Amino acid sequence: MASHSTIDKLCKSSKLIPLVISLFPIVVLLLSPISAAAAASTHVSDGLKYDLFPEILREEAVARLFELGKASDADGYLERTFLSPASIRAGNLIRTWMEDAGLTTWVDGLGNVHGRVQPPNASKKALLIGSHLDTVIDAGMFDGALGIVSAISAIKVLNATGRLRHLRHPVEVIAFSDEEGVRFQSTFLGSAAIAGVLPVSTLQIPDKSGLTVQNVLKQNLIDTTEANLSLLKYEPESVLGYVEVHIEQGPVLESIGLPLAVVKGIAGQTRLKVTVRGSQGHAGTVPMSMRQDPLVAAAELIVSLESLCKSPQDFISNDGSDGHCNTFSVKSLSGSLVCTVGEISTWPSASNVIPGQVVFTVDIRTIDDIGREAVIYELSNQMHSICDRRSVSCLMERKHDANAVSCDSGLNSQLKSAAYGALKRMTGEDIGDVPVLMSGAGHDAMAMSHLTKVGMLFVRCRGGISHSPEEHVLEDDVWAAGLAIQAFLETNL
């Protein structure tokens with residue numbers, strides 16, 4: 001069990017000037033003007049009549065989500081990575097929909113698609129609303145896309161009813177080019193650039209084919225260099241705040257029977273790469289007692305990690321009562337800590353060869369940043385103990401770190417009120433308190449929190465399934481999300 005000295009060591013150690021680039025071809029659509037009367041529609045619940053705009057917020061929004069779901073680089077499943085051909089097609093669609101909603105559009109130096117409205121007499125501070133247009137491999141069609149489509153739909157309603165020009169602040173919708181980090185293994189490329197926290201060295205990161213981020217940008221006629229990358233950064237004084245709508249990616253909302261929740265905060269995350277090296281040999285000739293098998297050592301390490309993350313209180317001791325690191329408690333850690341080994345590879349990976357090397361990844365997430373460091377410290381101790389006992393070498397590298405993010409209480413209050421009002425209008429009933437949840441998944445809001453205050457709205461997804469073609473959101477829940485953002489904009493801007 002770790003001593004208090006372990007925790008002590010941890011404590012001690014521890015222009016809004018858009019770059020307008022002609023990336024996407026402009027698609028001109030001949031659309032007849034949408035009048036308020038034509039856009040408005042009637043929904044009757046318990047004898048009450050409301051204008052809830054289902055044609056825009058539900059039917060059209062759902063159709064657009066399905067259309068985006070067809071923009072894939074793969075046959076038979078959804079895959080859309082940073083500035084891939086499918087990403088370009090998706091950006092074209094999104095830009096067209098933004099213009100249809102009354103927004104002025106452009107694409108910036110990291111491939112982010114922007115749509116902005118600047119009402120007359122509005123202040124200079126803009127509300128940013130966004131999510132990501134990229135996907136994982138074999139993805140669902142709601143992750144990221146729902147936040148973009150819901151925001152555009154809500155603004156289209158305001159434009160159709162003539163209320164858009166009366167907003168007191170500019171509103172900008174951003175479809176971020178990369179959040180998942182699939183192509184370059186570097187998350188939040190798009191949002192980190194806007195927040196001003198993207199290292200210039202990121203431009204030289206290669207993908208599996210050897211193309212760097214900068215190479216891919218140049219292929220798409222974007223000349224972003226280390227010298228001009230900083231031009232993408234928004235100034236904090238030009239931004240009012242950032243709001244993101246996203247599927248929950250978990251089962252809580254479905255279990256309590258509600259479509260919307262407000263997000264209290266986003267868990268911090270560390271990604272590790274563990275390399276275990278042993279003695280490669282013939283599977284039939286090396287006695288069991290003489291083996292230095294890195295795969296068996298890796299298996300023990302993985303089981304040890306599971307035990308640590310299931311019951312951190314059995315390995316880490318600190319209740320805050322001694323005055324050391326009093327922001328950290330094992331109790332809070334136990335309630336939010338999750339650890340995952342998602343990739344494992346062996347060399348030479350033959351059935352009749354004792355491996356010489358094993359590499360696996362570790363993903364550690366919790367709302368408590370100091371607690372996360374304590375887990376990593378304890379894992380390191382266990383790793384060296386196991387590897388020494390098994391006479392193999394071990395190396396643990398940190399590949400990604402993101403601190404936990406707390407959502408702004410003021411934005412949360414406004415989003416909660418908007419969600420409550422939207423659900424009451426839809427059902428005609430008092431739905432009770434809108435739940436407040438933590439997010440174990442990372443979102444663009446994490447990067448944007450370096451720029452401005454952030455708020456998030458979760459939307460129910462079937463079975464809590466995400467990053468899978470089984471990902472699904474009910475049409476009425478898509479409707480509820482759009483209606484909530486519409487109400488938020490009308491009430492607070």
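In this predicted model, Leu127 touches Pro170, Val171, Glu172, Leu240, Gly241, Tyr242, Val243, Phe488, Leu489 and Leu493, leaving aside residues up to four places away in sequence. Leu127 itself belongs to strand E5, which covers residues 126-132. Is Leu127 buried or exposed? Its relative accessible area is 2%, and the cut-off for buried is under 20%, so Leu127 counts as buried.

Phe488, another residue that Leu127 touches, also takes part in a contact between two helices, on the side of H14. The helices are H12, residues 409-427, and H14, residues 475-492. Their axes lie 8 Å apart and form an angle of about 125°. That angle makes H12 oblique to H14. The crossing of H12 and H14 is right-handed. From H12, the contact is made by Leu411, Gln414, Leu415, Ala418, Ala419, Ala422, Leu423, Arg425 and Met426. From H14, it is made by Asp476, Trp479, Ala480, Leu483, Ala484, Ala487, Phe488 and Asn492. Sorted by type, the residues of this contact are 13 nonpolar, two polar and two charged.

The next pair of helices is H3, residues 54-69, and H5, residues 145-160. H3 and H5 pack at an angle of about 145°, with 10 Å between their axes. Their crossing is right-handed.

The cysteines come next. A disulfide is a covalent bond between the sulfur atoms of two cysteines. A search of the whole structure finds two disulfides. One of them joins Cys309 to Cys339, with 1.9 Å from S to S. The angle about its S-S bond is -80°, and the link of Cys309 and Cys339 is left-handed. Cys309 is in helix H9, residues 294-310, while Cys339 is in strand E11, residues 338-340, so this pair ties together parts that are 30 residues apart in sequence. Cys309 has a relative accessibility of 10% and therefore counts as buried.

The other disulfide is between Cys387 and Cys394, with an S to S distance of 1.6 Å. Here the angle about the S-S bond is -60°, and the link of Cys387 and Cys394 is left-handed. Both of these cysteines are buried. Two further cysteines can be described by their accessibility. Cys407 is buried at a relative accessible area of 9%, and Cys461 is buried at 0%.

The last topic is the backbone. Most residues other than glycine have a negative phi, and most peptide bonds are trans. Where is Pro348 placed? Pro348 sits in the loop between strand E12 (344-347) and strand E13 (353-354). The peptide bond from Trp347 to Pro348 is cis, with omega near 10°. Ser349 lies in the loop between E12 and E13 too. Ser349 is not a glycine, but it has a positive phi of about 60°. With a relative accessible area of 54%, Ser349 is exposed. Asp138 also has a positive phi of about 60° without being a glycine. Asp138 is found in the loop between E5 and H5, and at 33% relative accessibility it counts as partly exposed.

Terms used. Residues are numbered from 1 along each chain as its sequence is written. This is a predicted model: local features need pLDDT of at least 70, side-chain atom pairs count only at pLDDT 80 or more; totals for chains, interfaces and linings use all residues. Side-chain values use heavy atoms; hydrogens and water are left out. Axes are lines fitted to C-alpha atoms, for helices over the stretch in contact, and angles run from 0 to 180 degrees between N-to-C directions. Helices (H or I, at least four residues) and strands (E, at least two) are DSSP runs, numbered from the N terminus. Angles under 35 degrees count as roughly parallel, over 145 as roughly antiparallel, 65 to 115 as roughly perpendicular and the rest as oblique. A crossing is left-handed if the near helix is turned anticlockwise from the far one by less than a right angle, and right-handed if clockwise. Contact means heavy atoms within 4.5 Å. Ala, Val, Leu, Ile, Met, Phe, Trp, Tyr, Cys and Pro count as nonpolar, Asp, Glu, Lys and Arg as charged, and the others, Gly among them, as polar. A disulfide is a pair of cysteine sulfur atoms within 2.5 Å. Buried means under 20% relative accessible area, exposed over 50%, partly exposed in between (1.4 Å probe, protein chains only).
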